[in-house]
Amino acid sequence: MVEKIGSSRRYFYHAGDYIKLRVTKKDTILAGKLWSVGDSVISVSELRPFDVHIHEIGSVYKRFSFPKKFGRVLLKGGAAIFVIIGINHLINNERLFTPDMFIIAGSMAGAGLISISLDQKRCRTDRGWRIKIMDYPIR
């Protein structure tokens with residue numbers, strides 16, 4: 001479990017979940033499935049399992065699925081509007097590329113890229129977040 005000290009924000013991880021960690025001792029980022037959880041060691045499986053002590057973890061990155069999905073929908077919608085407006089201009093014998101075409105489609109694509117970039121939160125263990133290992137099962 002990763003929790004914010006002094007608040008009710010908690011993120012639970014089980015064996016088999018995707019996890020992304022920044023290890024301070026080696027200054028590396030490990031991303032993969034949580035292989036196993038011991039008393040003070042976490043194993044993250046990329047190509048092979050890497051053991052990481054809890055005290056060596058500098059940050060845990062929590063992924064959120066909605067901003068990523070929403071960003072993809074906005075990118076696809078921006079591309080679709082760009083194509084629809086382009087076909088409409090070709091049918092009506094107008095200029096193909098107009099400012100309104102770039103404003104509408106570009107703003108949707110920009111909003112999609114911003115949403116995709118906000119799909120993970122960095123929980124730094126030196127700034128109010130802590131990692132707990134629990135013995136009992138949580139559903």
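Val-60 stands opposite Cys-123 in β8. This is a predicted model, where local features need pLDDT of at least 70, side-chain atom pairs count only at pLDDT 80 or more, and totals for chains, interfaces and linings use all residues. Residues are numbered from 1 along each chain as its sequence is written, and side-chain values use heavy atoms, without hydrogens or water.

Start with the sheet. Strands, like helices, are DSSP runs numbered from the N terminus (E, at least two residues, for strands; H or I, at least four, for helices). Six strands form an open sheet in the order β6-β5-β4-β3-β7-β8, with antiparallel pairing. β6 (49-53) and β8 stand at the edges, each with a single partner strand, so one side of each lacks a neighbour in the sheet. On average, neighbouring strands are turned by 40° against each other, direction ignored. Pairing here requires at least two DSSP bridges between two strands.

Now take β7, residues 57-63. Five of its seven residues are buried, that is, under 20% relative accessible area with a 1.4 Å probe, protein chains only. β7 pairs with β3 (residues 18-23) over four antiparallel bridges. Lys-20 has Tyr-61 of β7 as its bridge partner. β7 also pairs with β8 (residues 120-124), over five antiparallel bridges. Ser-59 stands opposite Arg-124 in β8.

Turn to helix α2, residues 99-117. Its 19 residues should span 27 Å at 1.5 Å a residue, and the end C-alpha atoms are 26 Å apart, which agrees. The expected span is 1.5 Å times one less than the number of residues. Met-101, Ala-105, Gly-112 and Ser-115 are buried in α2. The buried residues of α2 pack against α1 (65-91), with contact meaning heavy atoms within 4.5 Å.

Conventions
Buried < 20%, exposed > 50% of the residue type's maximum accessible area, 1.4 Å probe, protein only. Axes fitted to C-alpha atoms, helices over the stretch in contact; angles between N-to-C directions.
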